[in-house]
Amino acid sequence: MTDLRSPESAVTPRPVDPAPRSGRPGLGAGVRAGLSTALLPLAGLLVAFAVWWITARLELVHPAALPTPGSVLSAFTDKPDKMLEHAGATLLEILIGFVLSAAAGVLLGLSLAASRTVERMFTPLLVAVNAVPKITLGPLLVVALGWGQKPILTMVFLLCFFPIVLSTATGLTTTPADLAELVRSWNASWWQAFRKVRFPAALPQIFVGLKVAMPLAAIGAVIGEFQAGESGLGYVITQYAGIGDTATAWAAIMLVALISILLYSALVFVERLALPWVRETTSTR
């Protein structure tokens with residue numbers, strides 16, 4: 001049968017829908033994402049405080065152990081300078097201990113990844129040290145190091161060290177096969193392969209270990225202050241809980257939680273700045 005359509009009609013493309021006349025298409029989605037980022041954590045905190053308030057008002061937990069949120073807020077506002085001074089001491093211990101453990105953990109992770117002999121020598125020892133409940137070491141650290149920051153920083157170091165070592169060694173020994181093959185095809189030296197491929201590919205895993213270790217640093221600082229502190233929020237908790245002022249003790253606990261949230265959020269922000277490609281290539285949300 002003869003096709004009666006003209007050649008022009010056979011090749012004429014379909015009309016394309018005109019571009020939307022509204023503003024930038026991604027603007028609304030960006031605003032919604034920003035609002036959800038800011039409002040959803042706030043909503044979660046409000047729900048938690050509501051549950052806390054209801055539990056305290058109904059006295060489902062004894063008031064001596066769980067005061068109301070208003071009582072805790074009043075305990076903070078009665079002595080804000082003193083509470084912030086102790087919070088500053090705890091923050092300093094967290095940061096110093098975390099930085100020391102991060103530096104040592106990354107270096108030891110590099111050694112474990114570079115040498116199978118070193119890995120076999122020290123991995124069982126690391127696992128054994130990590131398995132020891134750190135709170136049991138508190139009195140021994142006081143005897144060995146005395147009162148003050150030294151045993152506290154040691155406690156922070158011990159709690160943070162293992163996840164950083166493990167994440168670094170894992171990241172450096174699980175380089176994607178295609179990248180490793182590419183490096184071999186270039187005949188790159190060990191240092192070139194490490195600097196250009198292996199270490200950048202391991203950074204997401206290293207940041208996982210750092211993010212796991214950051215809350216542990218706060219826990220280690222408070223445990224150390226329980227045992228050897230002469231200041232800090234852990235010292236406040238033990239002193240005021242011991243005299244029955246649980247509202248002030250809870251105010252110190254809330255400050256520890258706030259410090260942990262802020263430091264963890266700062267670390268996530270640094271990760272996004274340092275590794276912008278990770279979120280773009282791996283996130284499904």
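Val 72 is buried, at a relative accessible area of 6% (buried means under 20% relative accessible area, exposed over 50% and partly exposed in between, with a 1.4 Å probe and protein chains only). The model is predicted, so local features need pLDDT of at least 70, side-chain atom pairs count only at pLDDT 80 or more, and totals for chains, interfaces and linings use all residues. Residues are numbered from 1 along each chain as its sequence is written, and side-chain values use heavy atoms, with hydrogens and water left out.

Val 72 sits in helix H3, residues 69-78. Helices (H or I, at least four residues) and strands (E, at least two) are DSSP runs, numbered from the N terminus. Beyond residues up to four places away in sequence, Val 72 touches Trp 52, Pro 67, Ala 247, Trp 250, Ala 251 and Met 254. Contact here means heavy atoms within 4.5 Å. Ala 247 is 175 residues away from Val 72 along the chain, yet their C-alpha atoms are separated by 4.7 Å. Leu 84 belongs to helix H4. Its relative accessibility is 49%, so Leu 84 counts as partly exposed. Leu 84 and Ala 252 are 168 residues apart in sequence, with a C-alpha to C-alpha distance of 9.4 Å.

The protein has 12 helices and zero strands. Of its 285 residues, 33% count as buried. Among contacts with a separation of 6 or more, 73% join residues 24 or more positions apart. The accessible surface of the protein is about 18000 Å², and carbon and sulfur atoms account for 68% of this area. These areas come from the Shrake-Rupley method with a 1.4 Å probe; for residues, only the protein chains shown count as cover.

A nonpolar core is a set of buried Ala, Val, Leu, Ile, Met, Phe, Trp, Tyr and Cys residues joined through side-chain atoms within 4.5 Å. The largest such core has 40 residues, of which Ile 94, Phe 98, Leu 210 and Leu 233 touch the most other members. At least two residues each come from helix H2 (27-57), helix H4 (80-114), H7, helix H9 (190-228), helix H10 (233-242) and helix H11 (246-274). H9 supplies the largest share, 12 residues. Leaving aside residues up to four places away in sequence, Phe 98 touches Val 156, Cys 160, Leu 210, Ala 213, Met 214, Ala 217 and Leu 267. Another core, of six residues, lies apart from the largest one; Leu 112, Leu 126, Phe 161 and Phe 162 are among its members.

Helix H7 covers residues 149-172. Its expected span is 1.5 Å times one less than its number of residues. H7 is mostly covered, with 17 of its 24 residues buried.

One salt bridge is counted, defined as a side-chain nitrogen of Lys or Arg within 4 Å of a carboxyl oxygen of Asp or Glu. The partners are Glu 271 and Lys 211, whose closest N and O atoms are 2.9 Å apart. Glu 271 lies in helix H11 and Lys 211 in helix H9, so the pair ties together parts 60 residues apart in sequence. Glu 271 is buried, with a relative accessible area of 12%. Lys 211 is also buried, at 18%.
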